[in-house]
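I opened this model to look up a few things about its sheet and helices. Here are my notes, in the order I took them.

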Amino acid sequence: MSGAGAPQLNTDGSDLRVVIVAASWHEQIMNGLIDGAARALEEAKVSSVDLVRVPGSFELPVAALHAAASADAVIALGTVIRGGTPHFEYVCQAATQGLTDVTLRTGIPIGFGLLTCDTEQQALDRAGLAGSIEDKGAEAAEAAVATANVTRRLQEEAESSGRPIGRSAPRAGGVGFRIAGVD
């Protein structure tokens, strides 16, 4: 969302509960991402914000799944820096697919703040620190709040028309999700 062509978003989060799920690797970068997300949430007037830390980016999806059970939006923040083995690809793919699965299973928006960089400098440039050219933590928070507003509006419109979509009551063994038009 950064740079030319970035959209203007509805980031009024005054009635939202948001959970930030953040990895712990690369402390300086993570602190910048978390600070950026927190700043954006404060600007959006989100009054209920929780921060949950997990060991690494691979663990983001499972924590996001649990966070989604009590949140209107989740922000997933992490940093993976390419090394000399295929580990980078495995972690990036698992975290990205896992977060996608969580948002589709729960209907809860997840702001995607996972930096997947070739070098530490690339991550520092995107972490929202002094001298950074981008603030991906803030961008992930803004996207999560804006998408929560959109999904809430769509849910209200569907319910008023008698055709509710989205989350249903949780089923035994997992989070419930009902697809419109499917009984």
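I began with the sheet: four strands form it in the order E2-E1-E3-E4, open and with parallel pairing. Strands here are DSSP runs of E with at least two residues, helices are runs of H or I with at least four, and both are numbered from the N terminus. Two strands count as paired if DSSP finds at least two bridges between them. Strand E2 (48-54) and strand E4 (110-117) are at the edges with a single partner strand each, so one side of each has no neighbour in the sheet. From one strand to the next, I read an average twist of 10°.

This is a predicted model, where local features need pLDDT of at least 70, side-chain atom pairs need pLDDT 80 or more, and totals for chains, interfaces and linings use all residues. Residues are numbered from 1 along each chain as its sequence is written, and side-chain values use heavy atoms, without hydrogens and water.

Valine 18 stands opposite valine 49 in E2.

Then I turned to a residue in helix H5 (residues 136-160), glutamate 159.

Methods. Axes fitted to C-alpha atoms, helices over the stretch in contact; angles between N-to-C directions.
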